Structures are given as structure tokens and as C-alpha cells.
Amino acid sequence: PPRPIISPSILAADFAALGDEVARVLAGGADWVHVDMFDGSALAGGNFTIGPPVVAALRRRFPKAFLDCHLAVEHPEKYIAPLADAGASSVTIQIEPFLQITDRAPGGDAAARLDAALGFARRALGAIRERGLRAAIALAPATPLEAVMPLVEAGDVDMVLCMTVECGFGGQRFQEGVLAKVAALRAAAPSLQIQVDGGINADTARAAAAAGANAVVAGTAVFGAPGGVEAALAGLREALV
Ligand code: DX5
Ligand code: ZN
């Protein structure tokens, strides 16, 4: 199996020293750099973070870094071209905005509405891949696996992100109930890259890996580690093997 991926979330970094913070985690053995882009909408818990210009700045300073961009925004399709131009490596979009479009539309049964939502999501994922980036779909803790399975089965995604907290803020508590979803997804897709994000530390990373995750995002546990970034990354690495 491929080496597990550790992706520190810069949401927990000092934004006033962002370049140096990212240099530190890359030197400490991070595989990817997780960039949370939130638009202030309810989907993002009302939080507003950063956008493509920051990705471009990171790309200029770190030409070879893998920039793992997580878009929790109402209209992800608007930001795909700007993110590709900025030098993103991968774009992860949430399924919920697409489910909401069809939830608001009158008529049709549940299956037809899900089908329509998946069509919108597929179009955005296709646009990500067309720009040469890896495409991933994320689902909130309460969103059932059924909402993304057709995308997995059709090979429309390179990764599924199972959120283990609600999108929006670092430092929240890991939702253990999501592990059942990770395990079900792993059973259905033995070679899929499955990422977890939210409340990840060495203990919860170990539990997530045991359930089948092979990529973890960690913000507070890395940038806020009292023992320093390097020890935190080493602890995560050990938990994942
Ligand atoms: C949650 C974000 C995460 C967040 C994780 O809204 O998607 O990437 O930064 O932070 P921690 O690791 O502190 O839970
Ligand atoms: Zn994230």
C-alpha cells in the first residue's frame, strides 16, 4: 500500500508568518500542505479564510510542495480555474453545496434529486481534472456515504475526504462516529485514497488508520504542538504505520 499521507492544515498556522510555518512542516516531514478555503457561508461554519492568491504565494516559495486545497464554499466551481492558475496540486470540494441546490428545487423524488446533485458535482470534478489537478470529494460528518458512492464507483474522484468535524474551525473534537463511514468506504473501495480531517492527533490518527484511512489532515496537533512541529509529525507518522 502507498505511504500514508500527512497533510498539516495551515488553518492552525500563524498567518503572519505563513511561509516560515510551511517551511517548518515541510522540513519536518509533511507530505502535503492542507489549505482550507472558507467563504463565510454556513457550509464553512461562517468562517472566512484565504483564497487562491495565498496558494500562488505558497507555490512561488515552495515550487515542489503538494498543495492540498480544501474548498468549503457555496460555489466551488468558481474557484477551480483560479486555483489551477495559482498552482494547486489537488482540489477537494464538499458534496453538500450540490445536495443543497437540488434540495431547494421543487419536484422529483429523492433519487432523482441525488442524481442531479451528482451531475453538478461530476461537472466540477471533471473541471478540476481537466486542469491537470487531482480531484477529491469531501463529506460532512452527517452526510451519508451514499451521497458520494456513485462518484467513487465511476472513478470520478482521486480521493474521498471524510470530515471528522464540521467544516470551519480548527481545534474541534474528533467525531468518532465517522469511523464507521470510513470503514464502510474502505470495504467498498480497497485501493481508494481516504482522507480524514478534523480533530486529528496521534491517537485519533491511529483509530482512523485502523478504520481504513490512509491520509490525515492535522492542524492544531501539528502547528500548536507544545513539543514542536517535528515531534508532532513524527508522532503522527508512527501512528499511521
Ligand atoms: C476544519 C478544517 C480542518 C481544520 C483541522 O474545518 O477543514 O482542515 O484545519 O483542524 P484541527 O486539526 O485543529 O482539527
Ligand atoms: Zn480541511
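Predicted model: local features only at pLDDT ≥ 70, side-chain atom pairs only at ≥ 80, totals over all residues.
Close-up 1. Ala180 and Ala187 are exposed on the face of α7 turned away from its buried side. The buried residues of this helix are Val178, Leu179, Lys181, Val182 and Leu185. They cover an arc of only 155° around the axis, so they lie on the same side of α7. An α-helix has 3.6 residues a turn, so residues three or four places apart point the same way. The cover over the buried residues of α7 includes β6 (159-163), β7 (193-197) and α8.

**Close-up 2. Packing of helix α7 against helix α8.** Helix α7 spans residues 178-188 and helix α8 spans residues 202-211. The two pack at an angle of about 35°, and their axes are 8 Å apart. On the α7 side, the contact is made by Leu179, Val182, Ala183 and Arg186. Ala207, Ala208 and Ala211 make it on the α8 side. By class, the contact residues are six nonpolar, no polar and one charged.

**Close-up 3. Crossing of helices α4 and α5.** Here α4 (residues 96-104) packs on α5 (residues 110-130) at an angle of about 140°. Their axes are 8 Å apart. Angles over 145 degrees would count as roughly antiparallel; α4 and α5 are therefore oblique to each other. The crossing of α4 past α5 is right-handed. Phe98, Leu99, Ile101, Thr102 and Asp103 of α4 meet Arg113, Ala116, Ala117, Phe120 and Ala121 of α5. Seven of the contact residues are nonpolar, one is polar and two are charged.

**Close-up 4. Buried residues of helix α4.** Glu96, Pro97, Phe98 and Leu99 are buried in α4. Strand β4 (90-94) and helix α5 are among the elements that cover them. Phe98 and Leu99 also belong to the contact with α5.

**Close-up 5. Isoleucine 50 in its loop.** Isoleucine 50 sits in the loop between β2 (33-38) and α2 (52-61). Is isoleucine 50 buried, partly exposed or exposed? A residue needs 20 or more other C-beta atoms within 10 Å to be buried, and has 12 or fewer if exposed. Isoleucine 50 has 17 C-beta neighbours inside 10 Å and therefore counts as partly exposed. Leucine 11 is 39 residues away along the chain, yet the C-alpha atoms of leucine 11 and isoleucine 50 are separated by 9.3 Å.

Definitions and conventions: Residues numbered from 1 in each chain as written. Chains lettered and ligands numbered in written order. Axes fitted to C-alpha atoms, helices over the stretch in contact; angles between N-to-C directions. Helix = DSSP H or I, 4+ residues; strand = E, 2+ residues; numbered from the N terminus. Contact = placed C-beta atoms within 7 Å. Nonpolar A, V, L, I, M, F, W, Y, C, P; charged D, E, K, R; others polar. Parallel < 35°, antiparallel > 145°, perpendicular 65-115°, else oblique. Left-handed = near helix turned anticlockwise from the far one by under 90°. Arc of directions from axis to C-beta.
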